[in-house]
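These are my notebook entries on a structure I looked through one part at a time.

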Amino acid sequence: MSSMSIGFLNDDTCWCGDRISEADGHEYTEIQNMAEGFKLLESSDLDAVIIPSRAIHGRQIEMISSGLSVAGAINQHRPFHVVVAGDRPSHLPRSAVVISGSRIVRRQLRRFRRDLRVLSPKAWSGIQNVPLPEENVVSWLEDMRQNGIIDAYTIPRESFDRLNLKTRRFALWPDPKEAGGSFFLPPMYSDLPIVIAREGFPKKRLEGLFGREGGAAWHVMNELFGAESEDVADGIGVLVQHRTISSLLQQAETTRDLALEQSCRDSEGDILPEGSRLFIRVEYVSKDGMRTFRMDRLIDPENLHSGCVTMGMEWRAMFSTLSEPQDEHPRLGAGSPAFFQQ
């Protein structure tokens, strides 16, 4: 394979520079923003650009109008967040202050412990009347934690390693470890680099960068939530994995998860044939963490597009119903307020 010129963009949710070091034979250039990457692609100074998928949300029209498209995606490694604290989240003192830059993680932590005081960095700086640093936010948070001003904060797992922090951290796992245990689905687009190239550029030359599971994750997130506002998208957690039916049934039995067990059955109630499926778990959590809506689906990788279209229709129909008040019905009974109070 001939050498190519590839640009990459880093941010706190996805360190693309660390992910491309695994590939050899190409020239890599760091870019400062997505606009610069688009310009270099249009002028053919770069053959492809690897960027965090979060950066493209809401800007796909700009990408398409520039004659560019998403050629593929790289597999997620560790999309979950970690809590940096002196003790486990379950052992933090009552009314402990926890700072998190992710909206879905803040809501999941409120669900996990109702007494925690979970805030965004912007909200905390406003309450304390202190300036929010434009750079080195993690250093600012760590200084406050060591000085006892806050009790904990969360950052992506990859960021924790990248910054080489020498302190205790506790993973917010996407799967419960015991029956009825808590789980924290990763924020949408977390640790998911995508590859952008010019329309018509031979994708075969880029295949060495792509990951099958990463491509599926990007397709699911873009198909289901690509048109959603940032407010809605930031409140959604998504997990996309290749799993076997037997492993999912074993997990459902261990954790007593009836919804997961039902997702392994067909419309007749029979267990699906053994084999690898794309397991998709999507969750929306209310602002106070009191109410959640989760959907689990198993999709044949060969029918990814049609499966995502069907799942997207089901999700939007259910979410719309849960977000609107229900009127009184002569047969169904008295009306009720919206399940999700925005």
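**Entry 1, an aromatic group.** I looked up Phe319 in this predicted model and found a relative accessibility of 14%, so Phe319 counts as buried, the limit being under 20%. Phe319 and Phe340 form a tilted aromatic pair, with 5.8 Å from centre to centre and 35° between the planes. I noted that this pair links distant parts of the chain, since Phe319 is in helix α12 and Phe340 is in the segment after α12, 21 residues apart. Phe340 is buried too, with a relative accessible area of 1%.

I then turned to Trp315, which forms a stacked pair with Phe319, at 6.0 Å centre to centre and 10° between the planes. Trp315 and Phe319 are 4 residues apart in helix α12, which means that about one helical turn separates them. I recalled that an α-helix has 3.6 residues a turn, so residues three or four places apart point the same way. Trp315 counts as buried because its relative accessibility is 2%. Ring pairs join Phe225, Tyr284, Phe293, Trp315, Phe319, Phe339 and Phe340 into a cluster.

The crossing of α8 with α12 is right-handed. On the α8 side I listed residues including Ala216, Val220 and Phe225, which meet a set in α12 including Cys308, Met311 and Trp315. By class, this contact has 9 nonpolar, 3 polar and 2 charged residues.

In what order do the 5 strands of the open sheet lie? I read the order as β9-β8-β10-β7-β11, with mixed pairing. The edge strands, β9 (117-119) and β11 (169-171), each pair on one side only. Strand β7 (residues 81-85) runs antiparallel to β11 and is joined to it by 3 bridges, and Val83 has Phe170 in β11 as its bridge partner. Helix α5 (residues 121-128) packs on the sheet, where α5 touches β8 (97-100) and β9, while helix α6 (residues 137-146) also packs on it, touching β7, β8 and β10 (152-156).

Last, I looked at helix α4 (residues 103-112), which is mostly covered, with 7 of its 10 residues buried. The buried ones include Ile104, Arg107 and Leu109, and what covers the buried residues of α4 includes β7, β8, β13 (236-244) and β14 (276-285).

Key. Residues numbered from 1 in each chain as written. Predicted model: local features only at pLDDT ≥ 70, side-chain atom pairs only at ≥ 80, totals over all residues. Heavy atoms only, no water. Pairing = 2+ DSSP bridges. Helix = DSSP H or I, 4+ residues; strand = E, 2+ residues; numbered from the N terminus. Contact = heavy atoms within 4.5 Å. Axes fitted to C-alpha atoms, helices over the stretch in contact; angles between N-to-C directions. Buried < 20%, exposed > 50% of the residue type's maximum accessible area, 1.4 Å probe, protein only. Left-handed = near helix turned anticlockwise from the far one by under 90°. Nonpolar A, V, L, I, M, F, W, Y, C, P; charged D, E, K, R; others polar. Phe/Tyr/Trp six-rings, centres within 6.5 Å; stacked < 30°, edge-to-face > 60°.
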